[in-house]
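Let's walk through this model together, one neighbourhood at a time. Please keep the sequence and the structure side by side as you read.

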Amino acid sequence: MLADRVAETVGSWCFIIIQSVLLGIWIMLNMIAFIRHWDPFPFILLNLVLSFQALTQRPSS
């Protein structure tokens, strides 16, 4: 089933590490952007992306 594959993927250490690195890069690039911050602090766009991810990964009931 697709739900089982998604659960296996997002629950893996590989996914967690890659996502943590990408989030760190996102935040770092926005903090040191010299010309234009595409997602300035408090990172509203990042919050939206993570909320959408959480919505798609929630357990169905």
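Q53 lies in helix α3, where helices are DSSP runs of H or I with at least four residues, strands are E runs of at least two, and both are numbered from the N terminus. With a relative accessible area of 17%, Q53 is buried; here buried means under 20% relative accessible area, exposed over 50%, and partly exposed in between, using a 1.4 Å probe and protein chains only. Setting aside its neighbours within four places in sequence, Q53 is in contact with F15 and Q19, contact meaning heavy atoms within 4.5 Å.

A word on the ground rules before we go on. This is a predicted model, in which local features need pLDDT of at least 70 and side-chain atom pairs count only at pLDDT 80 or more, while totals for chains, interfaces and linings use all residues. Residues are numbered from 1 along each chain as its sequence is written, and side-chain values use heavy atoms, with hydrogens and water left out.

Two packed helices are described by the angle between their axes and the distance between the axes. Helix α2 (residues 13-32) and helix α3 (residues 44-57) have axes that come within 11 Å and cross at roughly 160°. The axes are lines fitted to C-alpha atoms, for helices over the stretch in contact, and the angles run from 0 to 180 degrees between N-to-C directions. α2 and α3 are therefore roughly antiparallel to each other, on a scale where angles under 35 degrees count as roughly parallel, over 145 as roughly antiparallel, 65 to 115 as roughly perpendicular and the rest as oblique. From α2, the residues making the contact are F15, Q19, L23, W26 and I27, and from α3 they are L45, L46, L50, Q53 and Q57. By type, the residues of this contact divide into seven nonpolar, three polar and no charged. In that count Ala, Val, Leu, Ile, Met, Phe, Trp, Tyr, Cys and Pro are nonpolar, Asp, Glu, Lys and Arg are charged, and the others, Gly among them, are polar.

Next, follow α2 to W26, which is found in that helix. Not counting residues up to four places away in sequence, W26 touches W38, D39, L45 and L46. The C-alpha atoms of W26 and D39 are separated by 8.8 Å, although the two residues are 13 residues apart along the chain.

What about the aromatic rings? The count comes to two aromatic pairs, where rings of Phe, Tyr and Trp (its six-membered ring) pair if their centres lie within 6.5 Å, and planes under 30 degrees apart count as stacked, over 60 as edge-to-face and the rest as tilted. W26 and W38 form an edge-to-face pair, 6.1 Å centre to centre with 65° between the planes. Because W26 lies in helix α2 and W38 in the loop between α2 and α3, the pair ties together parts that are twelve residues apart in sequence. W26 is partly exposed at 21% relative accessibility, and W38 is partly exposed too, at 40%. F41 and F43 also form an edge-to-face pair, 5.6 Å centre to centre with 85° between the planes. Of these two, F41 is exposed, with a relative accessible area of 66%, whereas F43 is buried, at 10%.

Stay with this stretch for its backbone. The peptide bond from F41 to P42 is cis, with omega near 15°, and P42 is found in the loop between α2 and α3. F43 lies in that loop as well, and F43 has a positive phi of about 60° although it is not a glycine.

Finally, turn to L2, whose place is in helix α1 (residues 2-10). L2 counts as exposed at 67% relative accessibility. From L2 to I35 there are 33 residues in sequence and 42 Å in space, C-alpha to C-alpha.
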